[in-house]
Amino acid sequence: MMKESEFPNRTVKIRAVPAARRRAEREGIDLSPVEGSGPGGIILEKDIEHFRITQGAVEGTLVTGKIHASSLARKLAEKRGVPIETVEGTGTRGRIMMGDVIKATEKPVILIKEKGIFGQTIPMTQMRKVIAKRMAQSAFTAPHIYFFTDVEMDELVKLREKILGDFEKQFNVRLSINDFIIKAVALTIREFPMLNAMVKGEEIHVMPEINIGLAVAMEEGLIVPAIPRADQLGLGKIAEMRADMVGRARLGKLKLEEIERGTFTVSSLAQYDVIFFTAILNPPQSGILSIGKTCDQLALKEGQVITKKIARFGLSVDHRIIDGTVAAAFLQSLKKRLEDPTFTFMHL
Amino acid sequence: MRELTYAQAINEALIQNLEKDERVFLMGEDIGKYGGIFQVTAGLLDKFGPERIIDTPISESAFVGAAIGAAMTGMRPVVEIMFIDFTTCAMDMIVNQMAKIHYMFGGRGKVPMVLRINIGAGRGAAAQHSQSFHAFFMHIPGLIVVTPSTPYDAKGLMNTAILDENPVIFVEHKKLYATKGPVPEEYYTIPFGKADIKRPGRDITIVATNAMVGRSLNVCEEFSKEGIEIEVVDPRTLQPLDKESILESVKKTGRLIVADEGPVTCGVSSEISALVAEEAIEYLQAPILRVGSPYTPVPFSPPLEKIYIPDEEDVKETVNKMKDYL
Amino acid sequence: MNLSHDQKIDLYKKMVTIRLFEEKVQDLYGRGLVPGLVHLYIGEEAVAAGVCANLRKDDYITSTHRGHGHVIAKGAELKYMMAELFGKKTGYCKGKGGSMHIADVEIGILGANGIAGGGIPIAVGAALSAKKRKTDQVTVCFFGDGASNNGTFHEGLNFASVHRLPVVFVCENNLYGISVSQKQHQAIQDISIRSVAYNMPGITLDGNDVLAVYEASGKAIQRARAGEGPTLMECKTYRWRGHHEGDPNRGRRYRTMEEVQEWVNKCPIKRFEEKLVEEKVLSKTKIKNIWEEVEKKIGEAVEFANQSPFPDPQDIFEDVYVS
């Protein structure tokens, strides 16, 4: 029988007495931040009590990390193109079972486009239920603060126009403004690591890689696949990946990992007549960027009247770990990058 | 209520049964004239005569076997083996005959007899007269195993044992024979498979057998002063075992100590620990601890014998270990 | 069989040693200085002394719970015996066995035994082993009238006879198995007749006549040594005290004091002493010297036992297994 020490990659197991474990499971508490007062530091049931009290109003930390699902459920979810994290689990301790996936992939009874919808009571689809739960969780756990800035998109638009054709020839994908934004955000996060962090109890986990998620709207709700290590990738690669993932998202063929790896989200409503909007953080992330429509606006330049292409960017952050100055500085830095694209996107 | 010793309580039970049921008779070594090595059968020969109180030759196989035959054919024998150690001389009769007859014969035959034995070290009787392997009988399907800890329990359980249609191993304890307690004069029975909460508590459960019951109770007062209330559960019968009472107690306190004389290896405490781990693990606030003898034959020398016996000090030590989980 | 002058004195001395040792134990036990249980051999000395005088150091014996006499006769040292009775570390069994389990395989003592009849199969085994190893060692098996009813007696004798083993079964019939008289526990009077069932010679003799015991056992031992098989020897004798120290009033619960006195009058030591005085082997002075010498030896044994330490607590775990 192998000893614990012979498993090099195993993480240290948390020691807790059975009654404590049961309590933690029932109340959705992650044991890792709990301090044990029993012999050898083992967690006793009373330690969980104590932990809850000292955490104040917080109704327990979010259970982060792995989504519990049976292997059959995972396989079926992948087969049917449903991101497993959007499926509500009805198994032991919220485990997602195969039946749950089957249920989630049933066609919703009533589509939103149908005319006879007024006066109807529509049951939530599985996906909607999960989204609703997570949105509520995020809103009520993380104190949000919002910041806005107007970005002059002229240079960026010009740059895109210029390289569009060649870009498509080389990378076989149509370059999008979002690609630039993704890269710029990633580079800016390098300066402001808190925007890439997650709160876990009394610890701030600064994620090792900058994976920028792009929100994709679907009939059933939002899906956010993430571009991994976006700060290190060339624009071409970003565009490729973006196109691929968005495409698969629309077909429901994303992998769970592609969603789970996200550390920051970019959400764009630029195609609508929305000037700006406030976004709710995508839990457990600490920052989200919202992009409004780019509009032509009148401006004065050296006494002359000119037009500028202005897009209003919004930034929501978790005020537990990001203060106003940090958020403001981030937004300012991002604005600068986007307004001076040549320097930004030179692969220096 | 008047008080009797444990030995006297059993004596009274035997008398009351000999009086009311002529099928009852006794067999054993030196139980008649001598009154039994621990005087449990004192006075019975004079009262009931040599036909019903039989002094046997030193032939355990023969007289235990004879009891089986008598029980199968309408009698209700109560046999004494002088020390549990000597049951080894009649092991075939006990394991292969007594325990299995009703089952093997598909119910066409039963063995309603009582086999009285005693366990426990502490009288310097050395290795062959002091062992406590009653757990062995708990492991043999077909046998009932009774372990009274007080004079009251002893009389009631003996009455039930004689009434019962199954073979009963009645496990007495050498050190309990002289202990005193209130015993009703009338005939009464105590059901098998019903534990007795000798002391209610809410912090720690001690499941104890025979002499360990008294030893456990003796340490409770001290811990009560510290605000720790110990619940002492006496199963009274090991087979059938009152699982429900044990589990209920553990679910309440979350902390279990099992105290039984004899080594813990494969002992009564091992079985009870396993049961609780299987059926109530999520209630446990602490690991299950066991109190028993060291894994050795019983030594003769008095200081070693004292170490061998799991006494109040050993129970206290274990409760102290449990305190870390309070 | 003719004993020499010195051999007779040795025999006498042996009996006196057993007697005085047991009386000393009786005294110490009564004063609470010996723990546990003791079963005294007082009155039966002739059997152990007479039989063992025929044995070599490398012959074997198995004994009973009433074994002090046998082991002393076989050559056990008084001081190690006394230390064992006291429960001291220096005893034969390091204090772990006590009175009923004294043993020293080196001098052929395969143990006193707390189980009635427990030594019989073991003795048969030792005889079997001697036969297989082709030595001419003999095993003597001591047991009582009580044990003669146990399964091990019948199984043991049968096995020994069918395999013609060099074992001598010596039954010390002291008329009681604890409190149950012989009349009550068996239908026969002379246990030796059971030998017929196992096709071996059986004799009954006066166990308090040490010379008779010596002669008869000598013959049986010779037979065994010559490979002619087992013998059953019954020695009628009597224990003066109760079954164990603590048996009230020397066994008054189940026997009369008249009966006890009858046997005290037939004291084996007295009888032999008178004979030896008559034969001019012993004189009053010599007798006195012998008794004093033995007293002294026993005193030394007690002293040794008193001075010896008790075992250490961790000794409890020693010898559970051979390491």
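The following legends describe close-up views of a predicted model.

Local features are described at pLDDT of at least 70 and side-chain atom pairs count only at pLDDT 80 or more, while totals for chains, interfaces and linings use all residues. Residues are numbered from 1 along each chain as its sequence is written, and chains are lettered from A and ligands numbered from 1 in the order in which they are written.

**View 1. The largest nonpolar core has 201 residues.** A nonpolar core is a set of buried Ala, Val, Leu, Ile, Met, Phe, Trp, Tyr and Cys residues joined through C-beta atoms within 7 Å. A residue is buried if 20 or more other C-beta atoms lie within 10 Å of its own, exposed if 12 or fewer, and partly exposed in between, with C-beta atoms placed from the backbone. Among the residues with the most contacts inside this core are B:Leu115, B:Ile169, C:Cys141 and C:Val168. The largest share of the core, 8 residues, comes from helix H1 (residues 5-30) of chain C. Helices (H or I, at least four residues) and strands (E, at least two) are DSSP runs, numbered from the N terminus. Another core, of 48 residues, lies apart from this one and includes A:Ile182, A:Met241, A:Met245 and A:Leu334. In soluble globular proteins, nonpolar side chains tend to be buried together.

**View 2. B:Ile169 is shown with the residues that it touches.** Leaving aside residues up to four places away in sequence, B:Ile169 touches B:Leu115, B:Ile117, B:Phe137, B:Leu143, B:Ile144 and B:Val145. Two residues are in contact if their C-beta atoms, placed from the backbone, lie within 7 Å.

**View 3. Chain B is in contact with chain A and with chain C.** The contact between chains A and B takes 8 residues from chain A and 9 residues from chain B. On the side of chain A that touches chain B, helix H1 (residues 18-27) of chain A gives the most, with 3 residues. This side of chain A divides into 5 nonpolar, 1 polar and 2 charged residues. Here Ala, Val, Leu, Ile, Met, Phe, Trp, Tyr, Cys and Pro count as nonpolar, Asp, Glu, Lys and Arg as charged, and the others, Gly among them, as polar. The contact between chains C and B takes 35 residues from chain C and 28 residues from chain B. The side of chain C that touches chain B has 15 nonpolar, 17 polar and 3 charged residues.

**View 4. Helices H9 (residues 243-253) and H10 (residues 268-280) of chain B pack against each other.** Their axes are 10 Å apart and form an angle of about 65°. Axes are lines fitted to C-alpha atoms, for helices over the stretch in contact, and angles run from 0 to 180 degrees between N-to-C directions. H9(B) passes H10(B) in a right-handed crossing; a crossing is right-handed if the near helix is turned clockwise from the far one by less than a right angle, and left-handed if anticlockwise. H9(B) contributes B:Lys243, B:Ile246, B:Leu247, B:Val250 and B:Lys251 to the contact, and H10(B) contributes B:Ile272, B:Leu275, B:Val276, B:Glu279 and B:Ala280. By class, this contact has 7 nonpolar, no polar and 3 charged residues.

View 5. In H9(B), B:Ile246, B:Ser249, B:Val250 and B:Thr253 are buried. The buried residues of H9(B) pack against strands S10 (204-208), S11 (230-234) and S13 (256-263) and against H10 of chain B. Just after H9(B), B:Gly254 takes a positive phi of about 75°. In the loop between strand S12 (237-239) and H9 of chain B lies B:Pro240, which is joined to B:Gln239 by a cis peptide bond with omega of about 0°.

**View 6. C:Leu175 and C:Asp319 have a positive phi.** Most residues other than glycine have a negative phi, and most peptide bonds are trans. C:Leu175, in the loop between strand S3 (167-173) and strand S4 (176-177) of chain C, has phi near 70°. This residue is partly exposed because 16 other C-beta atoms lie within 10 Å. C:Asp319 lies in the segment after helix H11 (284-307) of chain C and has a phi of about 70°. With 14 C-beta neighbours inside 10 Å, C:Asp319 also counts as partly exposed.
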